[in-house]
Amino acid sequence: MLNAIKIKGAREHNLKNINISIPRDAITVITGPSGSGKSSLAIDTIYAEGQRRYVESLSAYARQFLEQLRKPDIDYIEGLSPTIAIDQKTIIRSPRSTVGTITEIYNYLRVLYTRIGKPYCYNCGLHISKQDTAEIIKAVLSLPQGNRLQILAPIVRDRKGEYRRELQEMRREGFIRARIDGNMVDLTQDISLQKHKRHTIEIVIDRLIIKPGIEKQIKFAIETSLRYADIVVINLIDENRDIFFSKTMACPKCGISYPDLNPMFFSFNSRQGACPGCNGLGFENLEEDITELKDNKVCRLCNGLRLRKEALSIKIQDINIGELSKMSVKEALSFINNLKLIEREQTIASRVLKEVKDRLNFLSKVGLDYLTLDRSSLTLAGGESQRIRLATQLGSSLTGVLYILDEPTIGMHPRDTKKLLENLSSMRDSGNTIIIVEHDEETIRWADYIIDMGPGAGVNGGYIVASGKPEEIIKNEKSLTGRYISGKLSIEHPVMRRKPVDFIKIKGAREYNLKGIDVNIPLGIFTCITGVSGSGKSTLVLEILYKALLKKLYGSKVIPGKYDEIILNHMINHVICIDQSPLGKTPRSNPTTYIGVFSFIRELFSKIPDSKIRGYTPSRFSFNISGGRCESCHGDGLIKVEMHFLPPVYIPCDICKGKRYNRETLEIKYKGKNIAEVLEMTVSEALQFFSPVPSIKHKLKVLEDIGLGYLQLGQPASTLSGGEAQRIRLSKELGKRETGKTLYILDEPTTGLHYIDIHRLLKVINRLIDFGNTVIVIEHNLDVIKYADYIIDLGPEGGEKGGIIVAEGTPEEVSLNLDSYTGKFLRKKLLKDSRARVA
């Protein structure tokens with residue numbers, strides 16, 4: 001086995017034919033300015049080749065279902081292990097996906113409640129007992145005279161399959177009717193069921209009317225039904241409702257029956273368990289295909305617990321599975337550890353409990369103990385999603401694997417970073433190789449080996465500026481990263497802090513874990529909201545302040561988080577929130593379409609003499625409508641290929657070769673370039689190319705100034721990181737005419753930024769404030785925090801132990817607060833800066 005991964009002639013994207021040896025069984029950090037080629041090396045070269053080789057290792061039968069993956073532009077790689085990439089985009093984002101389902105904790109809880117859960121009547125609260133045949137008959141006979149009913153025997157309940165044999169058997173038994181998936185069918189007809197869909201098949205045993213002398217017929221029908229199933233379904237025809245009876249469980253007071261418990265009974269993705277009011281989504285009128293949760297009303301039937309009332313009536317020590325899922329990881333771990341089980345229950349549940357405990361502990365180890373198990377994947381930040389996947393890998397006990405992580409410290413307070421690094425070291429010590437794309441100083445210092453890319457971005461990047469151990473990088477004068485870490489270069493904080501011109505006053509903020517706090521948000525300056533993960537930062541700023549201002553300023557119908565009062569003066573006329581959500585979900589959306597510059601480019605191409613002769617309008621150069629686009633890929637340039645048991649991949653269109661347009665459209669050229677070649681330019685190249693066109697130049701200049709000069713104009717939005725998407729949003733706002741009196745809210749804008757890029761970002765923030773605006777940033781990066789005029793630090797911990805103001809004031813004032821975790825790390829940062837200035 002080689003002791004290094006050897007790469008020769010890597011030329012993917014902007015990589016300049018580089019050669020590098022990466023030590024195995026070690027932690028290697030790839031760092032460098034944005035666009036310098038870090039992801040091109042780690043993801044698009046190393047991981048892509050690892051994935052391609054995995055597919056090639058499969059049997060010929062398996063490969064027939066998969067598209068041949070493209071080989072990265074590289075001479076060769078040797079020493080490559082099975083490769084797993086843990087990035088910020090691989091979590092399934094669906095309203096049905098939660099922290100509990102992603103980590104499989106919820107799956108084990110379903111088994112736990114099936115095995116040792118105790119059923120209670122949802123109507124009266126009494127413990128459920130079994131029913132025998134006589135009790136079922138008595139209950140049916142007690143129905144009002146004249147009731148028309150059907151007695152059904154469910155032979156299949158919510159299971160996949162065609163069930164031809166079962167249906168044929170029922171025909172031979174003499175039954176002529178059945179209710180399949182809620183619809184009455186004639187068994188004498190040919191019935192075809194879809195194999196991969198879940199079905200419920202209930203045989204009609206008898207149809208009758210409650211009247212004197214019916215006792216023998218009912219008795220025979222009930223006994224017959226119980227020969228085919230443990231459950232008897234009484235369908236009241238006139239009321240269009242069912243009554244369930246079971247040989248196993250029923251309330252002695254109310255007569256309410258329960259079916260035999262099984263894990264599907266507790267699944268909100270199954271008809272057996274899902275709340276009928278919200279179909280298992282927890283919110284009213286929620287669509288299955290939404291990509292974000294916005295101001296949805298909690299389902300009144302299940303109170304957001306997603307399950308039907310029967311499932312929520314099964315409890316373990318007075319807690320149902322929905323209530324347990326509402327707990328944070330820390331609270332759930334405490335509940336599981338403090339369970340008092342009898343010997344029989346302990347024997348039954350011991351293995352399941354171990355799996356649940358292990359997974360909860362792994363989440364805690366990566367700093368996510370504040371997340372609740374029912375937290376929707378739609379609301380998870382990129383860093384949180386990535387660390388959830390990392391937690392599942394911690395529990396896999398794999399060895400000999402190459403893990404590639406994309407900025408795992410995103411969203412982490414400096415206090416939690418060490419805990420994450422200790423876990424990565426544990427994975428390394430188990431015989432794994434770890435490659436991390438990262439800018440965090442502590443992570444870089446912790447690494448065994450560093451590769452510093454650069455020296456610039458885009459065409460000016462793609463080289464290995466320096467490589468070696470951390471101490472070697474720090475001494476290397478060629479390494480920009482090393483010079484920042486050593487203190488030779490630094491982001492200097494302002495000598496004078498700006499003073500607030502007024503305040504937005506929030507009184508009684510108490511959404512989620514906020515403890516009814518009063519907060520004064522300074523106006524006219526740069527404010528950082530800080531605190532450990534889960535301390536209430538996003539709740540205060542995004543859920544309360546932002547939504548309340550949307551309502552006050554624009555009359556929006558959004559529902560803010562709970563608060564008593566917000567006092568706002570004339571200093572704020574507009575509010576803009578710039579977050580990291582994707583710009584688009586498909587290859588159609590790109591930076592130029594989002595900021596609006598593509599309209600000017602299309603108009604420019606339509607004015608070229610050849611276009612006028614052919615009668616081409618600006619729409620001819622759009623890849624979103626028919627006419628000028630390639631109809632094979634509908635203007636995407638890429639074809640989506642489903643990989644079955646692998647994530648889908650996009651491959652270039654065979655007809656247009658990824659150009660998006662048809663041949664006639666590509667014949668039109670401006671300064672020797674067609675529209676596809678323009679979209680392949682970087683922002684920096686296009687800025688020079690379109691310098692004589694003010695309308696285009698102005699918008700591109702903003703992208704360049706904010707550090708995105710390396711992006712291609714037509715780069716699909718689906719390939720952009722959260723940080724890049726956020727900066728594109730910011731550039732769009734900067735490109736507008738400045739009016740002042742605007743409140744800008746930025747959520748962790750340093751995501752994916754190198755020291756030099758952070759310096760550019762801070763200049764942009766200064767520019768906004770100089771125009772009379774206010775900037776609020778939610779941030780963990782100490783270089784940004786120390787630069788702020790004012791800090792509001794929440795905590796002291798995450799979850800229920802957070803939600804109060806621990807410290808507030810200037811960075812110098814907060815650094816002296818002994819109760820503040822942020823203050824502790826800020827104090828060290830300011831001290832390091834002062835020493836560097838003296839030196």
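Buried means under 20% relative accessible area. I keep that cut-off at hand for these entries, and I note that the model is predicted.

**Entry 1: strand 17**

I looked up strand 17, residues 402-406. Which way do its side chains point? Leu402, Ile404 and Asp406 point one way from the strand. Tyr403 and Leu405 point the other way. I checked both groups, and all are buried. In a regular strand the side chains alternate between the two faces of the sheet.

How many of the five residues of strand 17 are buried? I found five of the five, so the strand is largely enclosed by the rest of the structure.

**Entry 2: the neighbours of strand 17**

Next I looked for pairing partners. Strand 5, residues 83-86, pairs with strand 17 in the parallel sense over four bridges.

Strand 18 covers residues 433-437. Strand 18 also pairs with strand 17 in the parallel sense, over five bridges. Here I saw Ile404 standing opposite Ile435 of strand 18.

What do strand 17, helix 13 and strand 18 make? They make a β-α-β unit, and the unit is right-handed. Helix 13 spans residues 414-429.

**Entry 3: helix 4**

I moved to helix 4, residues 105-116. This helix has twelve residues. From its first C-alpha to its last it reaches 16 Å. That is close to the 16 Å expected at 1.5 Å a residue.

Which residues of helix 4 are buried? I listed Ile105, Tyr106, Leu109, Arg110, Leu112, Tyr113, Thr114 and Ile116. The buried residues of helix 4 pack against several elements, including helix 3 (99-102), strand 6 (118-119), helix 9 (321-325) and helix 11 (343-365). Strand 15 (314-316) and strand 16 (319-320) are also among the elements they pack against.

**Entry 4: cavities**

Then I looked for empty space inside. Rolling a probe the size of a water molecule over the atoms shows where empty space is left. I found three cavities of 30 Å³ or more. The largest cavity has a volume of about 90 Å³.

Tyr106, noted above in helix 4 as buried, is one of the residues that line the largest cavity. Other lining residues include Thr98, Phe268, Arg306, Lys326 and Asp374.

**Entry 5: Tyr54**

Last, I looked up Tyr54 in helix 1, residues 38-57. Is Tyr54 buried, exposed or partly exposed? Its relative accessible area is 39%, so Tyr54 counts as partly exposed. I also checked Tyr54 against Pro82, 28 residues apart along the chain. Their C-alpha atoms are separated by 7.2 Å.

Methods. Residues are numbered from 1 along each chain as its sequence is written. This is a predicted model: local features need pLDDT of at least 70, side-chain atom pairs count only at pLDDT 80 or more; totals for chains, interfaces and linings use all residues. Side-chain values use heavy atoms; hydrogens and water are left out. Buried means under 20% relative accessible area, exposed over 50%, partly exposed in between (1.4 Å probe, protein chains only). Helices (H or I, at least four residues) and strands (E, at least two) are DSSP runs, numbered from the N terminus. Two strands pair if DSSP finds at least two bridges between them. A crossover is right-handed if, with the strands pointing away from the viewer, the path from the first strand over the helix to the second runs clockwise. The expected span of a helix is 1.5 Å times one less than its number of residues. Contact means heavy atoms within 4.5 Å. On a 1 Å grid over the protein atoms alone, a cavity is a set of points where a 1.4 Å probe fits but cannot get out, and a pocket is an open set with protein on both sides within 12 Å along at least five of seven lines; lining residues have an atom within 4 Å of a point. Grid points are joined across faces, edges and corners, and a volume is the space filled by probe spheres set on the points.
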